[in-house]
Structure formats: C-alpha cells, structure tokens
Amino acid sequence: MRKSTISFVLNLFCFGGLFLLFRLFIGSLLPLSHLPLLLGSAVIATFVAPKFFVKNQVLWVKFFWRKQPYKL
C-alpha cells in the first residue's frame, strides 16, 4: 500500500476509536440527547486524535500534546 493510503486509514481508525470512546464516556456521565452527544464527541475526538501524514515518502505522526511530529 502507498504511504498516503496508510496514513488515511490510520487517521480514520484513530478518530473512529476515540469517537466511540468519548461517546460512551460522555453518554454515561451526562444525560444528553443524541445530536449534542454526537457533535461533542466528534469535536473532542477531532482535537485529541493523532494526525498521521506523509512527508518525503516518510510516515509521520503528530500528537496534540507535542509540538514536533514523530517519524514512524
């Protein structure tokens, strides 16, 4: 597989996993209706999920708490 495809799949899986975790966690703590729960979980997962990207045919990952990305 190409590196860009791998980075897309990793971004998708990381976001999806964190979205489900936040949805279950927030849903168990706060009695919210369906739409605010989904929107809140999506916003939080967007900021917290690691970002995978390709630069010069090398796969990199950027975490929100670190300033510099890591080479994979």
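Phenylalanine 15 and phenylalanine 19 sit four residues apart in helix H1 (residues 3–29), so about one helical turn separates them. Helices here are DSSP runs of H or I with at least four residues, numbered from the N terminus. The model is a predicted one, in which local features need pLDDT of at least 70 and side-chain atom pairs count only at pLDDT 80 or more, while totals for chains, interfaces and linings use all residues. Residues are numbered from 1 along each chain as its sequence is written, and side-chain values use heavy atoms, with hydrogens and water left out.

A pair of aromatic rings is described by the distance of the centres and the angle of the planes. Rings of Phe, Tyr and Trp (its six-membered ring) pair if their centres lie within 6.5 Å; planes under 30 degrees apart are stacked, over 60 edge-to-face, and the rest tilted. Searching the whole structure gives four aromatic pairs. One of them joins phenylalanine 15 to phenylalanine 19, a stacked pair with 6.1 Å from centre to centre and 20 degrees between the planes. Phenylalanine 15 is partly exposed at 29% relative accessibility, whereas phenylalanine 19 is buried at 19%. Buried means under 20% relative accessible area, exposed over 50%, and partly exposed in between (1.4 Å probe, protein chains only).

Phenylalanine 63 and tyrosine 70 also pair: their ring centres are 6.1 Å apart and their planes meet at 65 degrees, so this pair is edge-to-face. Phenylalanine 63 is partly exposed, at 22% relative accessible area, and tyrosine 70 is partly exposed too, at 36%. Both belong to one aromatic cluster made up of Phe63, Phe64, Trp65 and Tyr70.

Serine 41 belongs to helix H2 (residues 34–48) and is buried, with a relative accessible area of 0%. What does serine 41 contact, leaving aside its neighbours within four places in sequence? The partners are Phe19, Phe22, Arg23 and Ile26, where contact means heavy atoms within 4.5 Å. A polar atom of the serine 41 side chain lies 3.4 Å from the backbone nitrogen of arginine 23.

Finally, the surface deserves a look. Phe25, Leu29, Leu30 and Leu32 make a nonpolar surface patch of about 410 Å². Such patches join nonpolar side chains (Val, Leu, Ile, Met, Phe, Trp, Tyr) within 5 Å, from residues with over 30% relative accessible area and no salt bridge. Leucine 32 lies in the loop between H1 and H2 and is partly exposed, at 43% relative accessibility.

Key:
Helices (H or I, at least four residues) and strands (E, at least two) are DSSP runs, numbered from the N terminus. A polar contact is a pair of N or O atoms within 3.5 Å; within protein, one must be able to donate a hydrogen and the other to accept it, and residues adjacent in sequence count only if both atoms are side-chain atoms. Patches are made of residues with over 30% relative accessible area and no salt bridge: like charges are joined within 9 Å, nonpolar side chains (Val, Leu, Ile, Met, Phe, Trp, Tyr) within 5 Å. Accessible areas come from the Shrake-Rupley method with a 1.4 Å probe; for residues, only the protein chains shown count as cover. A salt bridge is a side-chain nitrogen of Lys or Arg within 4 Å of a carboxyl oxygen of Asp or Glu.
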